[in-house]
Amino acid sequence: MKRKQADQKQRGFTLIELLVVLVILGLLAGVAGPRIIGYLGGARSDTARLQIEEFGGSLDLFKLETGRYPTSQEGLQALVQQPPGLAGWNGPYLKKKTLPKDPWNNDYRYVSPGQHGPYDISSLGADNKEGGDAENKDINGWEDSKK
């Protein structure tokens, strides 16, 4: 009886069993890791598109109340802070009291009048440079409005 109790106390995992488990976990991480990183990049691009759409709605409300869109010089900041001497401003037009940055912590680009409409809003992506692929791809409000 004492021998049975001694055997139960000394049970555990062998080094080979632990190595097999670590190899399996490593294989799973190697397969799943790139997919998760890919989803994260796509989520950031989707977030930028949604923010640009939110800006569009806020800009339309700004125009409805003031009679015009913010100038390029006033920029998107006019949605959260009244430009000097502007009558009819009834903001802030965004839920937050500060202007959000894009998902890569860069400022959105705003031009009014735009080349593609009354205004152009864009994010330059992860690299903060024009052009690019994947996560570095530019996200433009005028391209999304065509979909």
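**Exercise 1. Salt bridges**

Find how many salt bridges the protein has, and work out where their partners sit.

*Step 1.* Start with the rule: a salt bridge is a side-chain nitrogen of Lys or Arg within 4 Å of a carboxyl oxygen of Asp or Glu. By this rule the count is four salt bridges. Before going on, note that the model is predicted, that local features need pLDDT of at least 70 and side-chain atom pairs pLDDT 80 or more, while totals for chains, interfaces and linings use all residues. Residues are numbered from 1 along each chain as its sequence is written, and side-chain values use heavy atoms, with hydrogens and water left out.

*Step 2.* Look at R49, which bridges to D46 with the closest N and O atoms 3.4 Å apart. Both residues belong to helix α2 (residues 15-66), where they are three residues apart, about one turn of the helix. Helices (H or I, at least four residues) and strands (E, at least two) are DSSP runs, numbered from the N terminus.

*Step 3.* Check the exposure of this pair. Buried means under 20% relative accessible area, exposed over 50%, and partly exposed in between (1.4 Å probe, protein chains only). R49, at 24%, is partly exposed, and D46, at 44%, is partly exposed too.

*Step 4.* Move on to D107 and K101, whose side chains meet in a salt bridge of 2.7 Å, N to O. D107 is exposed at 54% relative accessibility, whereas K101 is partly exposed at 39%.

*Step 5.* Now take R109 and E130, which form a salt bridge of 3.3 Å, N to O. R109 is in strand β1 (residues 109-111) and E130 in the loop between β2 (120-123) and β3 (139-140), so the pair ties together parts that are 21 residues apart in sequence. With a relative accessible area of 37%, R109 is partly exposed; E130, with 62%, is exposed.

**Exercise 2. The strands**

Work out which strands pair with β2, and in what sense.

*Step 1.* β1 and β2 pair in the antiparallel sense over three bridges.

*Step 2.* Compare the two faces of β2. D120 and S122 point one way, I121 and S123 point the other way, and all are buried.

*Step 3.* The protein has three helices and three strands, in the order α-α-β-β-β-α along the sequence.

**Exercise 3. A residue in a loop**

Is N106 buried or exposed, and which residues does it touch?

*Step 1.* Locate N106 in the loop between α2 and β1.

*Step 2.* Read its relative accessibility, which is 16%, so N106 counts as buried.

*Step 3.* List its contacts (heavy atoms within 4.5 Å). Leaving out residues up to four places away in sequence, N106 touches K101, G125 and N128. K101 is also the salt-bridge partner of D107.

**Exercise 4. Core and surface**

*Step 1.* Define the core: a set of buried Ala, Val, Leu, Ile, Met, Phe, Trp, Tyr and Cys residues joined through side-chain atoms within 4.5 Å. The largest one has 20 residues, and L59, L76, L79 and I121 have the most contacts inside it. Its largest share, five residues, comes from α2.

*Step 2.* Follow L76, which touches F55, L59, L99, Y108, Y110 and I121, residues up to four places away in sequence not being counted.

*Step 3.* Turn to the surface. Patches consist of residues with over 30% relative accessible area and no salt bridge; like charges are joined within 9 Å, nonpolar side chains (Val, Leu, Ile, Met, Phe, Trp, Tyr) within 5 Å. L15, I16, L19, V20, V21, L22, I24, L25 and L28 make up a nonpolar patch with about 900 Å² of accessible area together. Such areas come from the Shrake-Rupley method with a 1.4 Å probe; for residues, only the protein chains shown count as cover.

*Step 4.* Pick out L19 in helix α2: at 45% relative accessibility, L19 is partly exposed.

Terms used: Pairing = 2+ DSSP bridges.
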